[in-house]
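Please look through the sequence and the structure shown here before reading on. The paragraphs after it are meant to be read with the chains in view.

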Amino acid sequence: MSVAESAGRVLRSGAPPDTAYDVTVIGAGVVGTAIARELARHRGLRIALLDAANDVGEGTSKANTAILHTGFDAVPGSLEARLVREGRRLLAAYATESGIPVEPVGALLVAWDEEQRAALPGLLDKAARNGYHAARIIGPDEVRAREPHLGPGALGALDVPGESIICPWTTTLAYATQAVRGGVDLHLNCRVRQIDPGGGLHELTTSRGTLRTRHLVNAAGLHADAVDRLLGHDDFTVTPRRGQLIVFDKFARDLVDHILLPVPTALGKGVLVAPTVYGNVLLGPTAEELDDKTATGSTAEGIALLREKGRRILPELLDEEVTAVYAGLRAATGYDDYRVSAHKEQRYVTVGGIRSTGLTASLAIAAHVTDLLATTGLDLPAARDLPPLRMPNLGEALPRPYQRADLIAADPAYGTLVCHCERVTRGEIRDALAAVVPPGSPDGLRRRTRAGAGRCQGFHCGAQVRELFEKGGEPGSG
Amino acid sequence: MRRERIVDALIVGAGPAGLATAAGLAATGAGEVEVVDRDQQAGGAARHCAHGGFGRFGMTGPQYAERWVAAAVGVGAVLRTGVTVTGWSGPLTLDTTSPRGLERITARAVVLATGARERPRAARLVPGTRPAGVFTTGELQRAVHGHGQRIGTRAVVVGAEPVSLTALDTLRQAGVEVAALVTEYPRHQASRARAAEARLRHAIPLLTDATVTELLGRGRLSGVGLRHRDGRTAYVACDTVVFTGDFVPDQELARRGGLPLDPGTRGPAVDGAFRTAERGVFAVGNVLHAVEPARVVAREGAAASAAVRRYLRDGDWPSASVPLRVTAPLGWVAPNRLALDEPGDGFTLRTTEFVTHPTLVVTQDGRTLHRARRRRPAVPNRPFRIPGDWTGRVDARGGAVRIALAD
Ligand SMILES: Cc1cc2nc3c(=O)[nH]c(=O)nc-3n(C[C@H](O)[C@H](O)[C@H](O)COP(=O)(O)OP(=O)(O)OC[C@H]3O[C@@H](n4cnc5c(N)ncnc54)[C@H](O)[C@@H]3O)c2cc1C
Ligand SMILES: Cc1cc2nc3c(=O)[nH]c(=O)nc-3n(C[C@H](O)[C@H](O)[C@H](O)COP(=O)(O)OP(=O)(O)OC[C@H]3O[C@@H](n4cnc5c(N)ncnc54)[C@H](O)[C@@H]3O)c2cc1C
């Protein structure tokens with residue numbers, strides 16, 4: 001069978017099909033898409049991936065710190081520690097193969113006072129217990145030599161060379177694309193409201209109608225507790241923990257070479273400074289316990305706190321313009337680990353509490369969940385390798401289309417710039433709009449191409465990008 | 001992989017400044033004069049201003065832009081649009097991308113005329129959600145005049161400077177009701193006649209001493225939070241907000257080329273002959289001072305072309321210059337380097353506060369070079385000029401020259 005014949009569909013409206021699915025995954029964040037992709041490797045399964053939003057990755061997966069963690073500071077022995085460690089290895093390889101931007105910049109966990117310096121050996125020891133042996137403690141001179149723009153007073157650092165930065169949007173999109181190509185039906189604008197665990201088949205009442213499925217995976221992120229309750233479980237409650245972040249202008253990129261981590265405290269991992277694969281610099285996140293799962297706004301207090309911390313870490317950062325401010329919500333549960341469990345009798349797996357490492361762990365979570373599904377009686381056909389995928393490059397480490405004479409010669413649309421700040425071409429926008437999983441909004445187009453994500457925030461290209469989105473990529477009048 | 005070419009003068013940016021420079025150069029036989037612009041059409045910011053008031057005869061922006069295109073092309077300047085200068089590969093060598101491929105162009109003189117933009121919401125650190133319906137004037141103009149897009153139903157306009165009033169006009173044309181004009185200053189900063197015409201005739205409230213503290217709404221903007229200087233807060237329901245003014249130079253190329261920037265303007269520092277610190281590299285127009293009206297930058301372009309022409313002929317470049325600095329509440333001055341061979345014939349300043357009868361004092365190393373009282377008030381976001389007749393008294397080996405307001 002050709003790829004096209006076996007491919008699934010991306011549906012944003014209309015009733016779901018009458019025939020039952022073998023497995024349905026609720027939630028198309030980085031975790032749900034990874035699970036759907038893993039399941040798609042088992043040819044012959046009928047799989048649905050549902051999300052309430054009009055695009056993949058519209059939840060926490062679009063708003064995080066974009067670090068591919070080593071897991072050096074995880075809770076040793078926890079499920080999270082294992083899945084982060086495995087997930088990092090899997091995702092690093094997958095990213096290379098599929099063109100997801102990754103840069104192995106490494107991290108320096110910087111101690112700013114005696115107490116923090118005294119904590120470094122303990123962290124080194126913890127890293128070893130987590131199976132990470134490349135870390136080492138370095139003195140103030142080496143810290144300064146490696147980060148000359150650092151603020152005064154750094155006493156030393158834990159050098160963690162394996163920490164990397166990655167593009168979270170391309171990751172989620174790559175999983176979703178491969179899943180759909182591999183046969184998964186992606187139902188968007190499809191909120192699950194009620195679940196009737198009838199005999200042998202779950203009946204899901206969604207905002208787009210009824211859908212039936214034999215097995216069910218709950219990867220609903222912040223709402224995993226609510227979905228769990230629809231099936232009668234009361235095992236955990238998700239408390240959103242907001243993280244606000246400031247994105248600085250690309251001019252700031254020259255100020256920093258590593259991810260600059262703070263020494264963690266009881267209150268959380270603290271505020272970091274990190275380059276992004278697009279060439280910006282991130283400052284954040286905050287850690288605010290909230291009860292509103294939709295509170296993804298930024299606040300004056302949050303921005304002020306980040307700027308105060310940033311001034312200490314990298315004083316010159318504050319002289320640069322801010323390109324964006326955003327906030328994401330971590331799915332905290334009060335437990336110091338993920339909350340992943342199989343409910344055999346219900347042919348159901350809960351994937352809850354994927355708090356601040358889900359991007360890194362996604363592929364390992366997917367493999368783990370697939371194993372758990374097998375324990376609930378899912379008959380897994382033999383796994384195959386999915387046809388390889390090459391994602392458009394949004395990263396600065398490799399040439400972008402506007403820099404490639406070969407691409408432009410073959411198709412001048414790659415030499416026609418639309419978004420000047422981010423150098424996004426008409427060819428890339430056209431490709432994104434015609435892709436297997438097309439965007440549902442100009443914001444989705446921005447995450448796929450970076451159009452409008454630069455320092456002018458649409459002053460120059462906003463209107464044109466909107467027009468291209470509305471016309472499906474065909475050149476308009478303007 | 002890059003096509004390499006050589007020209008005499010390469011001008012980056014085909015706005016009024018770049019086109020006027022090109023026209024002046026080509027008209028005087030400066031050799032191969034090429035202007036490139038990343039937009040598909042030449043004309044710069046003016047092309048998007050459908051309203052009148054450009055040039056001396058009150059043309060619309062597009063008419064004005066067209067006039068300068070014709071002027072430059074008419075005398076033999078080569079104009080290429082859809083060509084983006086992406087960076088430098090040598091002191092006078094620039095890399096470009098266009099649908100025709102990649103090029104590497106070396107020029108005897110490079111002129112940066114890359115213009116300016118308004119600072120968007122995020123750069124102003126306005127907290128809240130990230131809904132649709134958030135614009136700058138530039139985006140609004142392109143959306144309405146360029147693409148005929150639907151904007152919304154009810155807008156708040158942030159800023160009360162001249163460009164804010166053009167945003168009002170554009171909103172009106174798009175059928176959007178304007179709920180209020182909000183400015184952090186105690187008064188609007190437009191000319192009285194223009195303000196009256198644009199605002200009062202339509203009874204739009206002007207909220208002074210007020211800032212936007214929060215954007216609300218999911219998916220689409222539902223309102224903005226406001227705070228008055230005295231602490232009072234308010235909420236205004238609206239589905240559109242336009243952040244106007246607060247211009248910054250589009251100085252990416254200048255900065256990537258390592259040109260020193262002026263701390264006040266944040267554009268490349270230049271002397272009275274539009275020379276940057278790099279030999280052979282000039283800058284002109286709103287990249288130097290964000291922003292001046294089109295006719296002012298076009299006049300600059302003419303002056304710049306004469307300076308570039310002299311350089312191409314004689315090859316003279318000043319070996320030293322004295323920096324020109326301002327003291328608060330003055331925000332910036334341009335030009336901001338003094339080269340004694342070309343001191344310039346005057347300077348443009350901005351204040352960050354209203355000053356009713358400003359007395360300007362120019363000093364160097366404690367010595368007063370010039371002192372003058374102006375009859376007209378200094379108004380934020382509006383230019384005021386001082387003559388350059390004192391520059392002969394500057395000591396070329398002395399410290400920075402300072403411009404301040406006397407009490
Ligand atoms: C500030 C911050 C920084 C972070 N930094 C990192 C980092 O550097 N590295 C890292 O690895 N991880 C990081 N994380 C964690 C990572 O982002 C998350 O673990 C990951 O995105 C979780 O993915 P998910 O798919 O579980 O959740 P989500 O992305 O939230 O996806 C859940 C989806 O379920 C859908 N949904 C919910 N309810 C329903 C329903 N009833 N019906 C249909 N659909 C529904 C939602 O619409 C949503 O799209 C960070 C998180 C935050 C907040
Ligand atoms: C929203 C707005 C409203 C305005 N309203 C008025 C008004 O009512 N009346 C008035 O007199 N003036 C007005 N102005 C100012 C007027 O438009 C400017 O004075 C004039 O256009 C500035 O000319 P310029 O050539 O310096 O810059 P611009 O006109 O901005 O031109 C700069 C050009 O450089 C190009 N460019 C930049 N970087 C590159 C690159 N790397 N490669 C290739 N090309 C590049 C840009 O595409 C652009 O075309 C307004 C400006 C704005 C932004």
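What follows goes from the contact between the chains to the contacts between domains inside each chain, and ends with an aromatic pair.

The model is a predicted one, and side-chain atom pairs in it are counted only at pLDDT 80 or more. The place to begin is where chain B meets chain A, a contact that takes in 41 residues of chain B and 45 residues of chain A. The size of an interface is often given as the accessible area lost when the parts come together. By that quantity, about 3,800 Å² is buried between chain B and chain A, and carbon and sulfur atoms give 51% of this area.

Between chain B and chain A there are 6 salt bridges, one of which joins A:Arg455 to B:Glu252 with the closest N and O atoms 3.1 Å apart. Polar contacts across this interface amount to 18 residue pairs, both residues of each pair being at pLDDT 80 or more. On the side of chain B that touches chain A, at least two residues come from each of several elements, among them strand 4 (84–90), strand 5 (93–98), strand 6 (101–112) and helix 6 (252–256) of chain B. Helix 3 of chain B gives the largest share of that side, with 5 residues. Sorted by class, the side of chain B that touches chain A consists of 13 nonpolar, 14 polar and 14 charged residues.

Turning to the inside of chain A, the domain assignment gives domain 1 (2–61 + 168–238 + 335–375), domain 2 (107–161 + 239–331) and domain 3 (401–470). The centres of domain 2 of chain A and domain 3 of chain A, taken over C-alpha atoms, lie 31 Å apart, and each of these two domains brings 6 residues to the contact between them. About 510 Å² is buried there, 41% of it on carbon and sulfur atoms. Of the area that domain 2 of chain A buries against domain 3 of chain A, 68% is supplied by A:Lys250, A:Tyr278 and A:Thr323, more than by any other three residues.

The side of domain 2 of chain A that touches domain 3 of chain A has 2 nonpolar, 2 polar and 2 charged residues.

Chain B is likewise divided, into domain 1 (1–117 + 246–317), domain 2 (120–245) and domain 3 (321–407). Between the centres of domain 2 of chain B and domain 3 of chain B there are 33 Å, taken over C-alpha atoms, and their contact involves 9 residues from domain 2 of chain B and 6 residues from domain 3 of chain B. These two domains bury about 630 Å² between them, with 56% given by carbon and sulfur atoms. In domain 2 of chain B, the residues that lose the most area to domain 3 of chain B are B:Tyr185, B:Arg187 and B:Gln189, together 65% of what that side buries. Here the count of salt bridges is 0, while 5 residue pairs are in polar contact.

Lastly, the structure holds 8 aromatic pairs over all chains. One of them is the tilted pair of B:Phe54 and B:Tyr64, at 5.8 Å centre to centre with 40° between the planes.

Technical notes. Residues numbered from 1 in each chain as written. Chains lettered and ligands numbered in written order. Predicted model: local features only at pLDDT ≥ 70, side-chain atom pairs only at ≥ 80, totals over all residues. Heavy atoms only, no water. Domains from an automatic or database assignment. Contact = heavy atoms within 4.5 Å. Buried area = accessible area lost by both parts, 1.4 Å probe. Nonpolar A, V, L, I, M, F, W, Y, C, P; charged D, E, K, R; others polar. Phe/Tyr/Trp six-rings, centres within 6.5 Å; stacked < 30°, edge-to-face > 60°. Salt bridge = Lys/Arg side-chain N within 4 Å of Asp/Glu carboxyl O. Polar contact = N/O pair within 3.5 Å; in protein donor to acceptor, adjacent residues only side chain to side chain. Helix = DSSP H or I, 4+ residues; strand = E, 2+ residues; numbered from the N terminus.
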